[in-house]
Amino acid sequence: MSDIVLRPMSGTDLPAVHRLELVLFPEDAWSEEMLAGELGDQPRTRHYVVAEAPGGEIVGYAGLAAAGGQADVQTIGVRPDRRKDGIGAALLTELLDEAARRGSDSVFLEVRADNDSAHRLYERFGFERVGLRKRYYQPSDVDAIVMCRKLRARPPMGFNRESM
């Protein structure tokens, strides 16, 4: 990971990110237009970063949506030959740090039920399973496991007996 730099994703990165998206998620890849739409909300409600190798080659990317005290991991992708190098962990750390900077109480994500390596990464970072979305990923009919990580405890809200 020492040779990798994380930096904000820009519009000029979209062709390379989209090519990587097609390799990583061939059945349900986002279009370049969808990625551009996400960048259009940056920095208001979005935070997208790329992992760049020496020479400028993009080997990973990740995105976060955050608003109203809640954040959602939109995507994380790492080039297959660079997996197990710590890039996914670095990208996820950046997203969690950004969610905290934006005052989010919790971070949610969906992960394919058949993606064991991603499950292990998210569990290592303290995410817990909170739900299931049947046949979420199309056209493959694969379920999505919904996971959540609390970033901070919410203070008590409303009235309680002590405040009366």
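Buried means under 20% relative accessible area, exposed over 50%, and partly exposed in between, with a 1.4 Å probe and protein chains only. This is a predicted model: local features need pLDDT of at least 70, side-chain atom pairs count only at pLDDT 80 or more, and totals for chains, interfaces and linings use all residues. Residues are numbered from 1 along each chain as its sequence is written, and side-chain values use heavy atoms, with hydrogens and water left out. Helices (H or I, at least four residues) and strands (E, at least two) are DSSP runs, numbered from the N terminus.

**The sheet**

- An open sheet of 7 strands runs in the order β1-β2-β3-β4-β5-β7-β6, with mixed pairing. Two strands pair if DSSP finds at least two bridges between them.
- Its edge strands are β1 (5-8) and β6 (128-137), each of which pairs on one side only.
- From one strand to the next, the twist averages 25°. Axes here are lines fitted to C-alpha atoms, for helices over the stretch in contact, and angles run from 0 to 180 degrees between N-to-C directions.
- Strands of a sheet pair through backbone hydrogen bonds, either parallel or antiparallel.
- β4 and β5 (residues 106-112) run parallel and are joined by 3 bridges. The bridge partner of D72 in β5 is F108.

**Strand β2**

- β2 is largely enclosed by the rest of the structure, because 7 of its 7 residues are buried.
- R46, Y48, V50 and E52 point one way from β2, while H47, V49 and A51 point the other way.
- In a regular strand the side chains alternate between the two faces of the sheet.
- β1 pairs with β2 in the antiparallel sense over 4 bridges. A51 in β2 is the bridge partner of L6.
- β2 also pairs with β3 in the antiparallel sense, over 7 bridges. Y48 stands opposite G63 in β3.
- The β2 and β3 hairpin has 5 residues between its strands, and G55 in the turn has a positive phi of about 90°.

**Helix α1**

- L14, V17, H18, L20, E21 and L24 are buried in helix α1 (residues 14-24). They cover an arc of only 160° around the axis, which puts them on the same side of α1. The arc is that of the directions from the helix axis to the C-beta atoms.
- R19 and V23 are exposed, on the face of α1 turned away from its buried side.
- The cover over the buried residues of α1 includes α2 (32-40), β2 (46-52), β3 (58-67) and β4 (70-78). Contact means heavy atoms within 4.5 Å.
- α1 lies across β2, β3 and β4, and runs at about 95° to β3.

- E98 lies in helix α3. With 11% relative accessibility, E98 counts as buried.
- Leaving aside neighbours within four places in sequence, E98 is in contact with H47 and L64.
- A118, H119, L121 and Y122 are the buried residues of α4. Seen down the axis of α4, they fall within an arc of 165°, so they line one face of the helix.
- E123 and R124 are exposed on the other side of α4.
- The buried residues of α4 pack against β4, α3, β5 and β7 (142-150).

**The largest pocket**

- About 1,100 Å³ of space lies in the largest pocket. Of the 35 residues that line the largest pocket, F25, I76, N115, A118 and Y122 are the closest to its centre.
- On a 1 Å grid over the protein atoms alone, a pocket is an open set of points where a 1.4 Å probe fits, with protein on both sides within 12 Å along at least five of seven lines; lining residues have an atom within 4 Å of a point. Grid points are joined across faces, edges and corners, and a volume is the space filled by probe spheres set on the points.
- α1, β4, α3 (87-101), β5, α4 (116-124) and β6 each supply at least two residues of the lining.

**Backbone geometry**

- Q42 and P43 are joined by a cis peptide bond, with omega about 5°. P43 is found in the loop between α2 and β2.
- The peptide bond from Q138 to P139 is cis, with omega near 10°. P139 lies in the loop between β6 and β7.
- R135 is a residue other than glycine with a positive phi, near 50°. R135 lies in strand β6 and is exposed, with a relative accessible area of 53%.
- D141 is not a glycine, yet has a positive phi of about 60°. D141 sits in the loop between β6 and β7 and counts as partly exposed at 39% relative accessibility.
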